[in-house]
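Q: I have a model open and want to learn how to read it. Where do we begin?

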Amino acid sequence: MLKDALKGGDVASFQLRLKHVSDDEIRRAADMLRPIVQAAGVAFILNDRPDLAAELGCDGVHVGQEDASYAEARATLPDGIVGVTCHDSRHLAMEAGEAGADYVAFGAFFATQTKQPKSQADIELLRWWSETTIVPCVAIGGITVANAPALIEAGADFLAVASGVWEHEDGPEAAVRAFNALFAP
């Protein structure tokens with residue numbers, strides 16, 4: 001399924017997000033998936049763990065507000081991609097952007113089953129961010145092909161999608177193709 005999804009069109013990154021599992025399980029999953037993702041020219045991002053991201057040869061790390069700090073993540077991956085979850089907070093986003101984050105992530109925008117969101121982000125946050133700064137932003141939370149256009153129109157540079165790809169009625173490749181079409185001029 002992963003190879004199919006990656007054949008569907010441009011994918012900026014793939015995030016491995018495994019909560020409540022051992023480091024060895026993360027290592028095994030990363031060692032299986034990272035070569036497939038990187039061979040497709042896609043950045044392999046590990047969630048939460050800059051230390052493991054560096055150890056495993058990941059292209060970057062995504063940290064939440066309760067994970068490693070941006071500064072710690074950057075020190076651990078000086079040349080890697082470091083993204084920061086900012087929930088629905090302009091303040092957190094400004095701090096992350098000013099510190100040098102490669103991207104900030106806002107959400108959840110819609111109901112999601114992937115995790116219990118800490119906040120409900122308003123779509124106007126994307127508009128404000130895209131008018132205020134050049135730091136890319138990622139929209140997170142319950143994103144599907146049907147609800148994504150409003151996020152893109154508001155200024156989302158990227159979409160973090162889980163179920164919208166893996167549970168798409170026509171399969172992951174068709175989902176990625178459909179999401180790519182939404183970004184086409």
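This is a predicted model: local features need pLDDT of at least 70, side-chain atom pairs count only at pLDDT 80 or more; totals for chains, interfaces and linings use all residues.

Q: How is a pair of packed helices described?
A: Two packed helices are described by the angle between their axes and the distance between the axes. Take helix H5, residues 90-99, and helix H6, residues 124-132. Their axes come within 12 Å and cross at roughly 30 degrees.

Q: Are H5 and H6 roughly parallel or roughly antiparallel to each other?
A: Angles under 35 degrees count as roughly parallel. H5 and H6 are therefore roughly parallel to each other. The crossing of H5 past H6 is right-handed.

Q: Which residues make the contact between H5 and H6?
A: From H5, the residues are Arg90, Ala93 and Met94. From H6, they are Leu125, Trp128, Trp129 and Thr132. Sorted by class, this contact of H5 with H6 has 5 nonpolar, 1 polar and 1 charged residues.

Q: How many residues are in the largest nonpolar core, and which have the most contacts inside it?
A: The largest nonpolar core has 49 residues. Those with the most contacts inside it are Val104, Phe106, Leu126, Ala139, Leu151 and Leu159.

Q: What does leucine 151 touch?
A: Set aside residues up to four places away in sequence. Leucine 151 then touches Phe109, Phe110, Ile123, Leu126, Ala139, Ile143, Ala156 and Leu159. There is also a second, separate core of 5 residues. It includes Ile45, Tyr103, Ala105 and Val138.

Q: Now single residues. Is isoleucine 26 buried or exposed?
A: Buried means under 20% relative accessible area. Isoleucine 26 has 6%, so it is buried. Its place is in helix H2, residues 23-39.

Q: Which residues surround isoleucine 26 as contacts?
A: Beyond residues up to four places away in sequence, isoleucine 26 touches Leu16, Leu18, Val21, Leu46, Leu52 and Leu56. Take leucine 46: it is 20 residues from isoleucine 26 in sequence. In space the two are 9.2 Å apart, C-alpha to C-alpha.

Q: Where is alanine 148, and what does it touch?
A: Alanine 148 is in helix H7, residues 148-154. Its relative accessibility is 0%, so it counts as buried. Leaving out residues up to four places away in sequence, alanine 148 touches Ile143, Leu159, Phe179 and Leu182. Alanine 148 and leucine 182 are 34 residues apart in sequence. Their C-alpha atoms are 7.9 Å apart in space.

Q: Is histidine 62 buried or exposed?
A: Histidine 62 sits in strand E3, residues 60-63. Its relative accessibility is 5%, so it counts as buried. Skip its neighbours within four places in sequence. Its contacts are then Gln15, Ile45, Leu46, Asn47, Asp48, Gly83, Val84, Thr85, Tyr103 and Ala105.

Q: Is histidine 91 buried or exposed?
A: Exposed means over 50% relative accessible area. Histidine 91 has 52%, so it is exposed. This histidine 91 is in helix H5. From histidine 91 to glutamate 131, the separation is 40 residues in sequence and 15 Å in space, C-alpha to C-alpha.

Q: What about aspartate 51?
A: Partly exposed covers the range between buried and exposed. Aspartate 51 has 42% relative accessibility, so it counts as partly exposed. Aspartate 51 lies in helix H3. Between aspartate 51 and tyrosine 103 there are 19 Å in space, C-alpha to C-alpha, and the two are 52 residues apart in sequence.

Q: On to the backbone. Which residues does a cis peptide bond join?
A: Glycine 107 and alanine 108 are joined by a cis peptide bond. Omega is about 10 degrees there. Alanine 108 is in the loop between strand E5 (103-107) and H6.

Q: What is the phi of aspartate 48, and where is this residue?
A: Aspartate 48 is not a glycine, yet its phi is positive, at about 75 degrees. Aspartate 48 is in the loop between strand E2 (43-47) and helix H3 (50-55). With 15% relative accessibility, it counts as buried.

Q: What is the phi of histidine 87?
A: The phi of histidine 87 is near 50 degrees, a positive value in a residue other than glycine. Look for histidine 87 in the loop between strand E4 (81-85) and H5. Histidine 87 is buried, at a relative accessible area of 16%.

Notes. Residues are numbered from 1 along each chain as its sequence is written. Side-chain values use heavy atoms; hydrogens and water are left out. Axes are lines fitted to C-alpha atoms, for helices over the stretch in contact, and angles run from 0 to 180 degrees between N-to-C directions. Helices (H or I, at least four residues) and strands (E, at least two) are DSSP runs, numbered from the N terminus. Angles under 35 degrees count as roughly parallel, over 145 as roughly antiparallel, 65 to 115 as roughly perpendicular and the rest as oblique. A crossing is left-handed if the near helix is turned anticlockwise from the far one by less than a right angle, and right-handed if clockwise. Contact means heavy atoms within 4.5 Å. Ala, Val, Leu, Ile, Met, Phe, Trp, Tyr, Cys and Pro count as nonpolar, Asp, Glu, Lys and Arg as charged, and the others, Gly among them, as polar. A nonpolar core is a set of buried Ala, Val, Leu, Ile, Met, Phe, Trp, Tyr and Cys residues joined through side-chain atoms within 4.5 Å. Buried means under 20% relative accessible area, exposed over 50%, partly exposed in between (1.4 Å probe, protein chains only).
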